[in-house]
Amino acid sequence: MYSCEVRVIHREFLEWPAQEGTIGVMTTTARHRVVIIGSGFGGLFSARKLAKADVDVTLISRTGHHLFQPLLYQVTTGILSQGEIAPATREVLRKQRNVRVLLGDVRDVDLTGRTVTSFELGRATTTPYDSLIVAAGSGQSYFGNDHFANNAPGMKSIDDALEIRGKIFGAFEMAELSTDPVEIDRYLTFVVVGAGPTGVEMAGQIAELAHRTLTKEFRAIDPSRANIVLLDGAPGVLGAFGDHLGDKAMKRLAKMGVIVQLNSKVVNVDGSGLEVERADGSRYRIESSCMIWAAGVQANALTKTLAGQTGAKLDRAGRIAVNDDLTLPGHPEVFVVGDMISLDNLPGVAQVAIQGGRHAAKTIMARLATGRFSDTPHRPFKYFDKGSMATISRFSAVVSVGKLRFSGFIGWMMWLVLHLVYIIGFKNRVTTLLHWFVSFIGRGRSERTVTEQQVVARHAINAVGADFNPFDHRRLLPGTPQSAATAKPEPVSAPR
Ligand SMILES: Cc1cc2nc3c(=O)[nH]c(=O)nc-3n(C[C@H](O)[C@H](O)[C@H](O)COP(=O)(O)OP(=O)(O)OC[C@H]3O[C@@H](n4cnc5c(N)ncnc54)[C@H](O)[C@@H]3O)c2cc1C
């Protein structure tokens with residue numbers, strides 16, 4: 001059975017060869033076609049910058065939402081709902097008539113044929129482009145120990161956040177059920193690996209949960225006796241903020257009861273705890289049922305596909321070396337932005353992605369305005385560092401802007417205002433402010449809903465394989481091997 005849907009935009013009508021179980025979509029247009037991969041900071045801000053350009057934009061993303069990652073830890077700890085930090089991309093872009101949003105996991109980019117192939121539930125879609133902006137971000141790095149993720153999930157997606165929320169609140173529930181003091185200790189020990197901004201924010205929020213929010217809710221256990229451990233292989237916390245702010249953060253964490261263990265490298269993680277190696281090589285074990293990984297990132301695997309076709313170098317974190325105008329060597333029509341790039345030691349932060357996305361869009365518009373694509377004037381990317389910040393607890397944050405350093409309440413107010421500005425959508429800003437009021441002035445956490453599926457899904461998906469397609473009828477036929485039923489349609493090159 002073959003099925004084929006052909007979309008016609010503007011003048012031409014072309015059929016794209018479809019394969020079994022797939023639909024080929026060929027969009028052709030008289031206008032310049034810009035394809036954007038990713039709906040994160042780089043993708044969304046480049047699409048918005050192209051609002052008034054005479055182009056057709058197709059934004060393809062693995063998720064249907066734009067995720068504001070800096071506030072993920074507030075979803076995990078019940079302060080915010082996922083909708084507040086992850087509005088639907090097509091809703092955000094609904095008024096921008098030159099953009100089409102497609103759901104799809106991009107697995108192949110053909111730089112010679114200038115096409116992008118994405119997959120969704122076994123359906124392949126190939127989209128041609130004239131200019132391409134790749135903004136597919138990064139994932140968690142376990143430094144070669146990917147199996148740690150089974151028991152110590154990272155915090156990169158809404159799935160991760162909801163799973164971790166389930167683990168945190170579930171640990172208190174299990175402790176209340178238990179009568180064994182050793183088991184209760186394990187349930188009430190929370191370990192965060194990585195003392196960068198995400199780890200510090202996470203540990204601080206679990207401490208606030210244990211010491212403020214949950215104190216009166218349990219009868220058998222005392223949540224305030226929870227152990228919150230923050231581990232890092234480095235000698236200090238918040239290394240990128242310098243010693244002064246790092247020391248302030250350490251003091252604040254200690255005051256909140258967070259146990260900070262530095263120069264400590266995690267060497268193994270299992271279902272009931274983890275093993276840690278000190279700088280002197282000695283090892284010890286921490287029993288815990290709730291471990292969260294906030295150490296290290298790895299660029300999206302699409303960088304391998306792009307490097308394979310251009311010869312561009314990848315660094316240790318898998319980031320691809322780009323030209324100073326963010327284009328790929330030999331391909332001025334292809335831009336890579338955000339967490340995927342290796343350029344002048346730029347950090348993996350939202351502003352690098354936002355400014356990079358806007359730069360790519362502006363370059364495309366400048367080329368269109370002059371009509372010069374091959375000998376276009378060179379426009380190097382100039383990053384403007386707006387500083388960095390991290391919250392430690394309510395009313396306490398550290399902020400570094402140029403030579404200025406702020407901490408405590410002033411830092412927290414700066415953090416609050418800046419995050420409100422960058423949250424997408426007026427409604428989300430209002431509800432976020434309301435939730436912050438409830439959590440920071442009061443003690444409440446109104447987003448504590450947890451479902452069983454959120455907590456067990458990672459293990460179930462691992463068991464059936466990442467390419468399991470529940471809607472493929474063939475998997476229901478008796479005797480059909482799972483591998484055959486879920487075989488990926490060709491062509492596929494970049495793994496998820
Ligand atoms: C928990 C956490 C806290 C953070 N806190 C801060 C902070 O306080 N300040 C700060 O500046 N930065 C922070 N960051 C970093 C910041 O969020 C990133 O630097 C930024 O999101 C990078 O933007 P990007 O566009 O490169 O990638 P992302 O925003 O990650 O977007 C990538 C997009 O690509 C899509 N995608 C991925 N692979 C594919 C594929 N194969 N096919 C199709 N689509 C794909 C994803 O679904 C996503 O939409 C934080 C990150 C995390 C995880």
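Biologist: Where is alanine 294 found?
Modeller: This is a predicted model. In it, alanine 294 sits in the loop between β15 (290-293) and β16 (297-299).

Biologist: Is alanine 294 buried or exposed?
Modeller: Alanine 294 is buried, because 26 C-beta neighbours lie inside 10 Å and the cut-off for buried is 20 or more.

Biologist: Which residues is alanine 294 in contact with, leaving aside neighbours within four places in sequence?
Modeller: Gly154, Met155, Val192, Val193, Gly194, Gly196, Thr198, Gly199 and Met202.

Biologist: And alanine 152? What separates the C-alpha atoms of alanine 294 and alanine 152?
Modeller: 9.2 Å, although the two are 142 residues apart along the chain.

Biologist: New topic, the ligand. Which residues come nearest?
Modeller: Gly38, Gly40, Gly42, Gly137 and Gly338, out of 32 residues around the ligand.

Biologist: Which elements give two or more residues to that shell?
Modeller: α1 (41-49), β2 (55-61), β4 (105-110), α7 (197-213) and α10 (350-370).

Biologist: How do the shell residues divide into nonpolar, polar and charged?
Modeller: The shell around the ligand has 14 nonpolar residues, 14 polar and four charged.

Biologist: Where does the ligand lie relative to domain 1 and domain 2?
Modeller: Between them, because both give residues to the shell. Domain 1 is 2-62 + 104-140 + 298-375, and domain 2 is 146-295.

Biologist: Back to α1 and α10. How do their axes cross?
Modeller: At roughly 35°, with the axes coming within 7 Å. The crossing of α1 with α10 is right-handed.

Biologist: Which residues meet there?
Modeller: From α1, Phe41, Gly42, Gly43, Phe45, Ser46 and Lys49. From α10, Ala350, Ala353, Ile354, Gly356, Gly357, Arg358, Ala360, Ala361 and Lys362. This contact of α1 with α10 divides into seven nonpolar, five polar and three charged residues.

Biologist: What about asparagine 263?
Modeller: Its phi is near 50°, a positive value in a residue other than glycine. Asparagine 263 is in the loop between β11 (258-261) and β12 (264-270). With 14 other C-beta atoms within 10 Å, asparagine 263 counts as partly exposed.

Biologist: Now the whole chain. How many helices and strands?
Modeller: The chain has 14 helices and 23 strands. Buried residues make up 43% of its 496 residues.

Conventions
Residues are numbered from 1 along each chain as its sequence is written. This is a predicted model: local features need pLDDT of at least 70, side-chain atom pairs count only at pLDDT 80 or more; totals for chains, interfaces and linings use all residues. A residue is near a molecule or strand if its C-beta atom, placed from the backbone, lies within 6 Å of it. Helices (H or I, at least four residues) and strands (E, at least two) are DSSP runs, numbered from the N terminus. Ala, Val, Leu, Ile, Met, Phe, Trp, Tyr, Cys and Pro count as nonpolar, Asp, Glu, Lys and Arg as charged, and the others, Gly among them, as polar. Domain bounds come from an automatic or database domain assignment. Axes are lines fitted to C-alpha atoms, for helices over the stretch in contact, and angles run from 0 to 180 degrees between N-to-C directions. A crossing is left-handed if the near helix is turned anticlockwise from the far one by less than a right angle, and right-handed if clockwise. Two residues are in contact if their C-beta atoms, placed from the backbone, lie within 7 Å. A residue is buried if 20 or more other C-beta atoms lie within 10 Å of its own, exposed if 12 or fewer, and partly exposed in between; C-beta atoms are placed from the backbone.
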